[in-house]
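Please walk me through this protein from its overall layout down to single side chains.

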Amino acid sequence: QKDELNFGPSINLPDTVIYKFGQPVHWFFSGVDGKVKRKHKQNLVNVRIEEAMTKKVIGSDIVAYYIATNVDDETGEKTTSIEYFDSE
């Protein structure tokens, strides 16, 4: 949906890293203007990702989570798992 200036809606997207074959390939986030932005490729390294995810940690907060969908080779059944990460 567009607003009166023909721009898209503002959304609050947390830092979102897309991995493919175990490597980060895209990193999306919301800019201060509310638009979805993408980090440059030189920032797609695990050290930078970890720094960003742990920058504002208080106590034992969850700093990230990993969602994976797996398919059973025999039954074809899909299962989704979620793994939570803290700063340690």
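**From layout to side chains**

Read along the sequence, the protein follows the pattern β-β-β-α-β-β. That comes to 1 helix and 5 strands. Helices (H or I, at least four residues) and strands (E, at least two) are DSSP runs, numbered from the N terminus. The model is predicted: local features need pLDDT of at least 70, side-chain atom pairs count only at pLDDT 80 or more, and totals for chains, interfaces and linings use all residues. Residues are numbered from 1 along each chain as its sequence is written, and side-chain values use heavy atoms, with hydrogens and water left out.

Next, the overall figures. The protein has 88 residues, and 12% of them count as buried. Buried means under 20% relative accessible area, exposed means over 50%, and partly exposed lies in between (1.4 Å probe, protein chains only). The accessible surface of the protein is about 7700 Å². Carbon and sulfur atoms hold 51% of that surface. Such areas come from the Shrake-Rupley method with a 1.4 Å probe; for residues, only the protein chains shown count as cover. Among contacts with a separation of 6 or more, 18% link residues 24 or more positions apart. A contact means heavy atoms within 4.5 Å.

Now follow the strands. Two strands pair if DSSP finds at least two bridges between them. Strand β1 (residues 16-20) and strand β2 (residues 23-30) run antiparallel, joined by 5 bridges. Lys20 has Gln23 in β2 as its bridge partner. The hairpin of β1 and β2 has 2 residues between the strands, and Phe21 takes a positive phi near 55 degrees there.

Strand β2 also runs antiparallel to strand β3 (residues 36-38), through 3 bridges. Here Ser30 is bridged to Val36 in β3. This hairpin has 5 residues between the strands, and Gly34 in it takes a positive phi near 85 degrees.

Stay with Ser30, which is found in strand β2. Ser30 counts as buried because its relative accessible area is 19%. The side chain of Ser30 reaches the backbone nitrogen of Leu13 at 2.6 Å. That is a polar contact: a pair of N or O atoms within 3.5 Å, where, within protein, one must be able to donate a hydrogen and the other to accept it, and residues adjacent in sequence count only if both atoms are side-chain atoms. Leaving out residues up to four places away in sequence, Ser30 touches Ile11, Asn12, Leu13 and Lys35.

How many salt bridges does a search of the whole structure find? The search finds 1. The side chains of Lys37 and Asp33 form it, at 3.7 Å from N to O. A salt bridge is a side-chain nitrogen of Lys or Arg within 4 Å of a carboxyl oxygen of Asp or Glu. Lys37 is partly exposed at 35% relative accessibility, and Asp33 is partly exposed at 39%.

Finally, turn to β4 and β5. These strands pair in the antiparallel sense over 9 bridges. Val71 has Lys78 in β5 as its bridge partner. Their hairpin has 6 residues between the strands, and Gly76 takes a positive phi near 75 degrees.

Ile62, Tyr65, Ile67, Ile82 and Tyr84 form a nonpolar patch on the surface, with about 570 Å² of accessible area together. The elements giving two or more residues to the patch are β4 (62-71) and β5 (78-86). Patches are made of residues with over 30% relative accessible area and no salt bridge: like charges are joined within 9 Å, nonpolar side chains (Val, Leu, Ile, Met, Phe, Trp, Tyr) within 5 Å. The largest share, 3 residues, comes from β4. Ile82 lies in strand β5 and is partly exposed, at 46% relative accessibility.
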